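Dear colleague,

I am handing over the structure we spoke about, which you will find just below. After it I have set out what was found, and I would be glad if you read the two side by side.

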Amino acid sequence: MKKTLCVILGLLMSLSVAACGKGPGMTEAIDPNRTQLYVFNYDGGVGTEWLYEIKERFEAEYKDTCFEPGTNKMGVQIMIEANKLSFYNDEKIKSSPNEVFFTENVGYTDMVSQGLLLDITDLVTADENGVSLEDRMTDKQKEALIALKGKYYALPHYDGYRGVSYDIDLFEEKGLYFADEKDNGNNGFIISSSDKRSAGPDGKYDTNDDGLPSTMAEFFRLFDYMLSSNVTPFVYTGMYPEYTSYVVEWIYSNYAGADVASLDYTFDSGDMEVEIITGFEELKNNMFGAEPITEKVKIMPENGYLMKQQTGKYYGLAFLNKMVSDSRYYYSLSTNQTFSHLDAQEAFIYSKLENKPIAMLIDGSYWVNEAQGAFRRSIEDYGTRAENRNFGWMPLPTTVDGEVSSEQTGKNAAKDTVRSYAYINGNIADDENKVKLAKLFLSYCYKLENLQKFTEVTGCARGLNYELTEENKSQMSTFALSVWDMRQTTEMVRPISSSEIFMNNEKEFYNSPWESVVSNQPYVNPVTAFRNSISAMDYFNGMKIYKRDWEEDYSRWF
């Protein structure tokens, strides 16, 4: 029988209490009769419970193996540092005692160029029942990971989707779904739970997104319908304004499609033409206040600056601007600079229980791991009412308005915004025994059954291609399954490339992708400008890169 979300969270609580702070791996006494392997895990996002489970299995499986020939030591002791305060994604690893790392925000090319990581090509290309880890990568991943030195130095850790989650129970209770019959006397929304729902953004009936908004226009119709039902559409953190850019990024990627969105890192479209904006026609009756004037061009390194002028980027900005410009659409504390992402998660969880429902949360696909404490408290406060909660991952539209074509429904895309990798510290290269042990452990973590178990435990997917068993799925929550299902129909765009321009300017292209200058005022996060009454059109125009600046900064690489 499928475990409910609260049951999973209860298990997470009982199994991973020690994952807070440094974790038991850094506090358990060293066993002098075993060989130690020091492993770092960034304890945000997916947490560390998955790693403690692997530690237990690995230690048991190799309890009779000697990893230090010539000694009486038998077996291995995995010493885990679970830490939210450090990433170890730069040269600090040189002096770190940790030997294997699972972390985020990794500037892969920078770290490889500095010689910080151990060559793990043999591990990546080794077969496991006829399938190597290299086989589980996309062609783009393989090309980019070996581009600098022709070898592999890291493995994709997990895919970090960022966007919108929704309360399925609330949607069902309030009937927040579009009906298939548009002229049904209820503004096109279902009247009863038995009504046939619209095909949703995937354009297909009898799938998980039936009745959900298929266009940007339908989203705002839904917002207004929610208000009439005393439902607040959104909540998000005010402490971290960049979270609202997740919506911009997701809508842009979906509108553009993976092939176009990946040009942000490759700057070469080949024979494919890309739609860019050359100007605007301001129209008062337009949903976003301005209609783009567009043309199609081929992107190459010489004109890579045109990527800032993509139509999809404007629509992402316009959507966010319209959303945050109406205070009725979001929870009041979302503008408070002390309102953290954890606060937003708790407000979302508690809202329905307190009869002040909030329909959607802007956050990452891993938020349920971070919200363990909030789920536990809600059950303590509200008992059975807080159990068996059903949340889902919200698909976002690929078009602005009108009917969604089959071409548009087939181009769902999402950008990986966490850059999460696993690697081995290059400072152990001269210790043959430790290198063998580190590679053995990292390889063990990436066995197929452990890839599957990782997703079962965390609800998140490793950044590789693999399938789940029905047994895995039976142990996952509704939310985790919705994220997994979305992954199956969505192409990931990862911020990695073999482009000389990108590899030599990795941090610059990844950090603050939505920077703009409007009336000589620089902005990093669009929401900050929108709250100062800056229009999406003006913000978009302020992002423009001029040809002369592009050539001055990057012509040495094309």
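Helices (H or I, at least four residues) and strands (E, at least two) are DSSP runs, numbered from the N terminus.

Please keep in mind that this is a predicted model, in which local features need pLDDT of at least 70 and side-chain atom pairs count only at pLDDT 80 or more, while totals for chains, interfaces and linings use all residues. Residues are numbered from 1 along each chain as its sequence is written, and side-chain values use heavy atoms, with hydrogens and water left out.

Strand β1 (residues 35-42) pairs with β2 in the parallel sense over eight bridges, where pairing requires that DSSP finds at least two bridges between two strands. Within this pairing, Glu81 of β2 is the bridge partner of Phe40.

**Salt bridges**

Across the whole structure, a search finds 29 salt bridges, each being a side-chain nitrogen of Lys or Arg within 4 Å of a carboxyl oxygen of Asp or Glu. One of them joins the side chains of Asp167 and Arg389, at 3.4 Å from N to O; this pair links distant parts of the chain, with Asp167 in strand β7 (residues 162-167) and Arg389 in the loop between α14 (372-382) and β12 (391-393), 222 residues apart. Both Asp167 and Arg389 are buried. By contrast, Lys63 and Asp64, whose side chains meet in a salt bridge of 3.1 Å (N to O), are both exposed. There is also a network of salt bridges that links Glu28, Asp31, Arg34, Lys55 and Glu59.

**Cysteines and a loop residue**

The structure holds zero disulfides, a disulfide being a pair of cysteine sulfur atoms within 2.5 Å. Cys445 is in none, and the nearest cysteine sulfur, that of Cys460, is 16 Å away. Cys445 counts as buried because its relative accessibility is 0%.

Gln337, in the loop between α11 (311-324) and α12 (341-353), counts as exposed at 67% relative accessibility. Leaving aside neighbours within four places in sequence, Gln337 is in contact with Gly238 and Met239, contact meaning heavy atoms within 4.5 Å.

Note on methods. Buried means under 20% relative accessible area, exposed over 50%, partly exposed in between (1.4 Å probe, protein chains only).
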